[in-house]
Amino acid sequence: MEMTSSRPYLIRAIYEWILDNGLAPHLLVNAVGPGVVIPTQYVQNGKIILNINPSAVHNLELGNERIEFSARFSGNAMSVSVPIAAVLAIYARENGQGMVFNEYEGNGGPATPTADKPSKPKLKLVT
């Protein structure tokens, strides 16, 4: 029997863990993947970093298929929608601890090559 992707469950768990430690959760997203609705002016090398701290977003929904919320970018309100397959990592801004996901998992197709990732953040795997 084929199981559903573990990615949405891991994203929710790491999100809660980061918040429980008083830190700010951020997502690294493949900004050029299908179905990604983000402010394109902040995309660098095909990726975008999104602050999903409760103080930065409204109506955050960490669903099994998509992550959706509204936030302000340069003072302008915008709705953001990211397919789970486009999430490349979730980490704490303050120390880089979190989880990196396989870019080829899921139905979102391959993301841009790893060499194109922004130099920041330097992520540490959760132990």
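**Aromatic contacts, core and strand pairing in a predicted model**

The count of aromatic pairs comes to 1, where rings of Phe, Tyr and Trp (its six-membered ring) pair if their centres lie within 6.5 Å, and planes under 30 degrees apart count as stacked, over 60 as edge-to-face and the rest as tilted. The pair is formed by Tyr42 and Phe73 and is tilted, at 5.8 Å centre to centre with 35° between the planes. Tyr42 lies in the loop between strand 1 (25-30) and strand 2 (47-51) and Phe73 lies in strand 4 (residues 66-73), so the pair ties together parts that are 31 residues apart in sequence. Helices (H or I, at least four residues) and strands (E, at least two) are DSSP runs, numbered from the N terminus. Tyr42 is partly exposed, with 33% relative accessibility, whereas Phe73 is buried at 15%; buried means under 20% relative accessible area, exposed over 50% and partly exposed in between (1.4 Å probe, protein chains only).

The model is predicted: local features need pLDDT of at least 70, side-chain atom pairs count only at pLDDT 80 or more, and totals for chains, interfaces and linings use all residues. Residues are numbered from 1 along each chain as its sequence is written, and side-chain values use heavy atoms, with hydrogens and water left out.

The largest nonpolar core has 26 residues, a nonpolar core being a set of buried Ala, Val, Leu, Ile, Met, Phe, Trp, Tyr and Cys residues joined through side-chain atoms within 4.5 Å. Leu50 and Ile90 have the most contacts inside this core. Two or more residues each are given to the core by helix 1 (7-20), strand 1, strand 2, strand 3 (57-62), strand 4, strand 5 and strand 6 (87-92). Leaving aside residues up to four places away in sequence, Ile90 touches Ile11, Ile14, Tyr15, Ile18, His26, Leu27, Ile52, Gly98, Met99 and Phe101, contact meaning heavy atoms within 4.5 Å.

In strand 6, 6 of the 6 residues are buried, so this strand is largely enclosed by the rest of the structure. Strand 6 pairs with strand 1 in the antiparallel sense over 5 bridges; two strands pair if DSSP finds at least two bridges between them. Within this pairing, Ala89 of strand 6 stands opposite Leu28. Strand 6 also pairs with strand 7 (residues 97-100), again antiparallel, over 3 bridges, and the bridge partner of Ile90 in strand 7 is Met99. The hairpin of strand 6 and strand 7 has 4 residues between the strands, and Gly96 takes a positive phi near 75° there.

An open sheet of 3 strands has the order 3-4-5, with antiparallel pairing. Strand 3 and strand 5 are the edge strands, each pairing on one side only. The twist averages 15° from one strand to the next, with axes taken as lines fitted to C-alpha atoms, for helices over the stretch in contact, and angles running from 0 to 180 degrees between N-to-C directions. Strand 4 and strand 5 run antiparallel and are joined by 8 bridges; Arg66 stands opposite Pro83 in strand 5.

Most residues other than glycine have a negative phi. A positive phi, near 50°, is found for Ser74, in the loop between strand 4 and strand 5 (76-83), and Ser74 is exposed at 63% relative accessibility. Asn45 likewise has a positive phi, near 55°; Asn45 is placed in the loop between strand 1 and strand 2 and is exposed at 52%.
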